[in-house]
Amino acid sequence: MMANIPDVATFQAAVPNTATEIVFAYYGSVDLTGYTKSGSIGKDIDVYSDGTKYAVLSGKTIFAPENSAEFFKGRTALTSLNLSNFNTANATSFASMFNGCRGLTSLDLSNFNTAKATSFVKMFYGCSGLTTIIAGDWSASVTSTNMFNGCTSLVGGNGTTYNSSHTNGEYARIDVAGNPGYFTAPV
């Protein structure tokens with residue numbers, strides 16, 4: 001069973017740029033004390049908020065739209081993002097998905113499915129506060145210009161630090177000895 005977010009604009013209208021925390025979860029897995037229902041996104045997806053924190057809830061897996069470009073772009077207030085119930089199996093464009101999210105310090109993308117990806121262009125562009133990305137290896141052959149540009153605090157799981165000479169997707173892999181990357185392996 002799945003619930004689809006129809007498009008990026010619908011999500012952005014329901015969860016404003018002032019959000020400091022966003023969690024994608026199943027009903028019953030999040031304490032909603034102090035939250036009120038603020039709207040819905042498509043069929044079977046409800047949004048709850050306490051003013052700055054947002055819970056995007058469904059009884060089903062929440063699927064990202066095929067074109068997920070700019071999904072979280074420009075959310076400078078965002079400090080916490082839980083994507084545990086956010087399925088990207090149908091997404092093809094991840095371009096600028098987190099562009100400008102400079103308040104984020106870590107991202108757990110271990111459940112991201114990038115099998116259909118065609119673009120990672122500027123995916124993490126300008127995420128200057130981002131220190132850790134937990135993820136598997138992604139295809140470097142996908143268009144990935146400036147994928148990590150401006151991620152000046154980023155450190156891979158084996159200690160590889162951001163290098164402005166490696167901002168494209170060639171470092172979109174788990175950082176291990178002899179094979180540098182910007183990702184940290186899931187535990």
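How many bridges join strand β10 (residues 132–134) to β11? Select both strands: 2 bridges join them, and they run parallel. Before going on, note that this is a predicted model, in which local features need pLDDT of at least 70, side-chain atom pairs count only at pLDDT 80 or more, and totals for chains, interfaces and linings use all residues. Residues are numbered from 1 along each chain as its sequence is written, and side-chain values use heavy atoms, with hydrogens and water left out.

**Stop 1: the sheet around β10**

Strands here are DSSP runs (E, at least two residues), as helices are (H or I, at least four), numbered from the N terminus. Two strands pair if DSSP finds at least two bridges between them. Now show β9, β10 and β11 together. These 3 strands form an open sheet in the order β9-β10-β11, with parallel pairing. Its edge strands are β9 (106–108) and β11 (183–184), each pairing on one side only. Click Ile 134. Opposite stands Thr 184 in β11.

**Stop 2: another open sheet**

Move to β1, β6 and β8. They form an open sheet of 3 strands in the order β1-β6-β8, and the pairing is parallel. At the edges are β1 (2–4) and β8 (86–87); each pairs on one side only. Select β6 (residues 61–63). This strand is joined to β8 by 2 bridges, and the two run parallel. Pick Ile 62 and look across to Phe 86 in β8, which stands opposite.

**Stop 3: a hairpin**

Which way do β3 and β4 run, parallel or antiparallel? Antiparallel: 4 bridges join β3 (residues 36–40) to β4 (residues 46–49). Ser 40 has Asp 46 in β4 as its bridge partner. Between the strands of this hairpin lie 5 residues. Select Gly 42 there; its phi is positive, near 65°.

**Stop 4: rings**

A search of the whole structure finds 22 aromatic pairs. Rings of Phe, Tyr and Trp (its six-membered ring) pair if their centres lie within 6.5 Å; planes under 30 degrees apart are stacked, over 60 edge-to-face, the rest tilted. Select Phe 124 and Phe 148. This pair is stacked, at 5.4 Å centre to centre with 10° between the planes. The partners are 24 residues apart: Phe 124 sits in the loop between β9 and β10, Phe 148 in the loop between β10 and β11. Are they buried or exposed? Phe 124 is buried, at 0% relative accessible area. Phe 148 is also buried, at 0%. Buried means under 20%, exposed over 50%, partly exposed in between (1.4 Å probe, protein chains only).

Last, select Lys 122 and Tyr 125. Lys 122 lies over the face of Tyr 125, at 5.1 Å from the ring centre. The cut-offs are NZ of Lys or CZ of Arg within 6 Å of the ring centre and within 35 degrees of the ring normal.
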